[in-house]
Amino acid sequence: MKILVINGPNLNMLGIREPGIYGSETYASLVSLISDYCDSRGIEVEFFQSNHEGAIVDKIQEAYGVFDGIVINPAAYTHTSVAILDALKAVSIPAVEVHISAVNEREDFRQISYAGKACVKTYIGLGFNGYIEAVKFLEDYLTKKQ
């Protein structure tokens, strides 16, 4: 099983960016946590982070025929990007949306998720553990699909 983990804008600033909302752990800590879990389960994992919408769209398109599942935190693009939604729909790779913070309890503009409309599951407000839950879900989902 091969999973692509995509993180959107400003997630490279974890640990610095609004620690009251996102915590004090760094992006490197997040990558390490997910890598360790995937290694323990025999899951191949690749990470991609970009602050650029087009780069995220390109990476999703490049995942076609390469990855079995996608874990995506589109970050701010969650609420604005029809392009990311369309890319997820185009490749038809099972995707799980993750948000570190409880976006459903934040500002009004954060209440819509375009990318989420193409995802099979969403985890919100579980911190870094949301990524582990997303990988677990995909592992189960993809195993049942075979």
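Author: Let us begin with helix 5, whose buried residues are G130, Y131, I132, A134, V135, L138, E139 and L142. The model is a predicted one, in which local features need pLDDT of at least 70, side-chain atom pairs count only at pLDDT 80 or more, and totals for chains, interfaces and linings use all residues. Residues are numbered from 1 along each chain as its sequence is written, and side-chain values use heavy atoms, with hydrogens and water left out.

Reader: What makes a stretch of residues a helix or a strand?

Author: Helices (H or I, at least four residues) and strands (E, at least two) are DSSP runs, numbered from the N terminus. Helix 5, residues 129-145, has 17 residues. Its span from first C-alpha to last is 24 Å, close to the 24 Å expected, where the expected value is 1.5 Å times one less than the number of residues.

Reader: Why is L11 called buried?

Author: Buried means under 20% relative accessible area, exposed over 50%, and partly exposed in between, with a 1.4 Å probe and protein chains only. L11 has 2% relative accessibility and therefore counts as buried. This residue is found in the loop between strand 1 and helix 1 (19-22).

Reader: Which residues does L11 touch?

Author: Contact means heavy atoms within 4.5 Å. Leaving aside residues up to four places away in sequence, L11 touches R17, Y27, Q49, N73, A75, I100 and Y131.

Reader: What covers the buried residues of helix 5?

Author: The cover includes strand 1 (2-7), helix 2 (27-41), strand 3 (69-73), strand 4 (95-99) and strand 5 (121-124).

Reader: Why is strand 4 described as largely enclosed by the rest of the structure?

Author: Five of the five residues of strand 4 are buried, so the description applies. A95, E97 and H99 lie on one side, V96 and V98 on the other, and both faces are covered. In a regular strand the side chains alternate between the two faces of the sheet.

Reader: How do you know that strand 4 pairs with strand 3 and with strand 5?

Author: Two strands pair if DSSP finds at least two bridges between them. Three bridges join strand 3 to strand 4, and four join strand 4 to strand 5. Both pairings are parallel. V71 stands opposite V96 in strand 4, while H99 stands opposite I124 in strand 5.

Reader: Why are strand 2 and strand 5 said to stand at the edges?

Author: Five strands form an open sheet in the order 2-1-3-4-5, with parallel pairing. Strand 2 (44-49) and strand 5 each have a single partner strand, so one side of each is left without a neighbour in the sheet.

Reader: What makes the unit of strand 3, helix 4 and strand 4 right-handed?

Author: A crossover is right-handed if, with the strands pointing away from the viewer, the path from the first strand over the helix to the second runs clockwise. Strand 3, helix 4 (residues 82-91) and strand 4 make a β-α-β unit of this right-handed kind.

Reader: What makes a group of residues a nonpolar core?

Author: A nonpolar core is a set of buried Ala, Val, Leu, Ile, Met, Phe, Trp, Tyr and Cys residues joined through side-chain atoms within 4.5 Å. The largest has 25 residues, and those with the most contacts inside it are L14, I34, V71, Y131 and V135. Strand 1, helix 2, strand 4 and helix 5 each supply at least two residues of this core. Apart from it lies another core, of 21 residues, among them A63, I72, A87 and A115.
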